[in-house]
Amino acid sequence: MENFSEYLLNETNYLKKIEIVYYLHKKTNIFFDRTVICKTELARKFIEEMKIDVDENLVITACLLYACKKVTVATNFEQIKFYAKEGAEYLSQLGFDERFCRICEGANRYSGITPREPESDILELVDNLGGLLINRSDRV
């Protein structure tokens with residue numbers, strides 16, 4: 001029997017993958033909202049347009065999950081800095097391998113992981129671009 005990580009990574013249908021993460025959010029209260037889907041779509045389009053040689057399924061899955069421990073209202077800068085690291089630790093508990101967790105942790109540069117995975121650079125790029133494109137009440 002496969003574990004959750006294998007189940008999600010083996011799902012190649014984009015919409016079904018989103019649905020699985022949505023139900024994980026409902027069951028475990030991980031961070032998942034419209035911004036996650038927007039950033040995932042940005043990553044998908046970026047890989048497609050730039051013809052980058054990465055495993056698209058892996059990047060899409062990582063994009064859906066790297067912010068799983070993000071808090072919606074961060075009053076403490078430390079929470080903002082380390083949500084990716086905490087998320088990587090959580091994903092490890094769900095059965096994701098070390099490389100996948102490194103990719104997710106590398107979504108921001110606070111963890112100091114070197115060398116960085118190319119997939120982490122894509123996550124960082126879409127996280128920053130998504131942050132610029134998506135309206136948030138605290139940025140108005």
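Start by selecting Arg-99, Arg-102, Glu-117 and Glu-119, which are joined in a network of salt bridges (a side-chain nitrogen of Lys or Arg within 4 Å of a carboxyl oxygen of Asp or Glu). You are looking at a predicted model, in which local features need pLDDT of at least 70, side-chain atom pairs count only at pLDDT 80 or more, and totals for chains, interfaces and linings use all residues. Residues are numbered from 1 along each chain as its sequence is written, and side-chain values use heavy atoms, with hydrogens and water left out.

Now zoom in on one pair of that network. Between Glu-117 and Arg-102 the closest N and O atoms are 3.7 Å apart. Glu-117 sits in the loop between α6 and α7 and Arg-102 in helix α6, so this pair ties together parts 15 residues apart in sequence (helices are DSSP runs of H or I, at least four residues, numbered from the N terminus). Glu-117 is buried, with a relative accessible area of 17%, while Arg-102, at 23%, is partly exposed (buried is under 20% relative accessible area, exposed over 50%, partly exposed in between, with a 1.4 Å probe and protein chains only).

Next, select Arg-116. Its salt bridge with Asp-121 has closest N and O atoms 2.8 Å apart, and Arg-116 also meets the side chain of Glu-124 in a salt bridge at 3.1 Å, N to O.

Step back to Pro-115, in the loop between α6 and α7. The peptide bond from Thr-114 to Pro-115 is cis, with omega near -10°. Most peptide bonds are trans, and most residues other than glycine have a negative phi.

Asn-29, between α2 and α3, has phi near 65° and is exposed at 65% relative accessibility. Lys-51, in the loop between α3 and α4, has a positive phi of about 55° and is exposed at 69%.

Key. Helices (H or I, at least four residues) and strands (E, at least two) are DSSP runs, numbered from the N terminus.
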